[in-house]
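Hi,

Here is the structure I promised to pass on. Have a look at it first, and then read my notes below.

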Amino acid sequence: MVLPIKVSEESREPIYHQIETQIQALIVGGQLQPGTPLPSIRVLASHLSCSVITTRRAYHNLENSGFIKTVQGKGTFVREIDTILKEEAKNKVLYDALQKAIEHGIQVGCTKDEIMTIFEEVMKNHFNKN
């Protein structure tokens, strides 16, 4: 299985965290259902051109957070997660993404009002076309 995730070496966010948050988003968004097998650490590392240690850390964090489980000799699978954890994770993914967008806006010199105007425009364009 190839996961639809990408990592950016230019990002200030550590690669293991990029992997972790993207897999978490796929799980809470329902694109990876409970019981779905994930690629092995080595396969994912090869696919993303990063180290095994990096992907192992992402899987370790996801397992500690209750999103995946590893069965010795069988592989790593998406866990069934309760509704509250799923909702909290979904809100955190969105909050973090919006926080990054605001930080990017500030980095390029946007004011609070400019960021709000662009945000409202993006929301309007997205939800009016859907």
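The side chains of E20 and N61 are joined by a polar contact of 3.0 Å. Please keep in mind that this is a predicted model. E20 sits in helix 1, which covers residues 15-28. Leaving aside residues up to four places away in sequence, E20 touches A58, N61 and L62.

What about the charge on E20? E20 is buried but has no salt bridge. The nearest side chain of opposite charge is R57, 6.5 Å away, and a salt bridge would need the charged atoms within 4 Å.

Next, the surface. L94, L98, F119, M123 and F127 make a nonpolar patch of about 470 Å². Helix 4 (83-107) and helix 5 (112-129) each supply at least two residues of this patch, and helix 5 gives the largest share, with three residues. One of the patch residues, F127, lies in helix 5. F127 counts as exposed because its relative accessible area is 54%, and the cut-off for exposed is over 50%.

Finally, a loop residue. Q31 is found in the loop between helix 1 and strand 1 (37-38). Q31 is also exposed, because its relative accessible area is 59%. From Q31 to K124 there are 93 residues in sequence and 25 Å in space, C-alpha to C-alpha.

Happy to go through any of this with you.

Best wishes

Note on methods:
Residues numbered from 1 in each chain as written. Predicted model: local features only at pLDDT ≥ 70, side-chain atom pairs only at ≥ 80, totals over all residues. Heavy atoms only, no water. Patch = residues over 30% accessible without salt bridge, like charges linked within 9 Å, V, L, I, M, F, W, Y side chains within 5 Å. Areas by Shrake-Rupley, 256 points an atom, 1.4 Å probe, with all protein chains shown as cover. Helix = DSSP H or I, 4+ residues; strand = E, 2+ residues; numbered from the N terminus. Buried < 20%, exposed > 50% of the residue type's maximum accessible area, 1.4 Å probe, protein only. Lys, Arg positive; Asp, Glu negative; His and termini not counted. Polar contact = N/O pair within 3.5 Å; in protein donor to acceptor, adjacent residues only side chain to side chain. Contact = heavy atoms within 4.5 Å.
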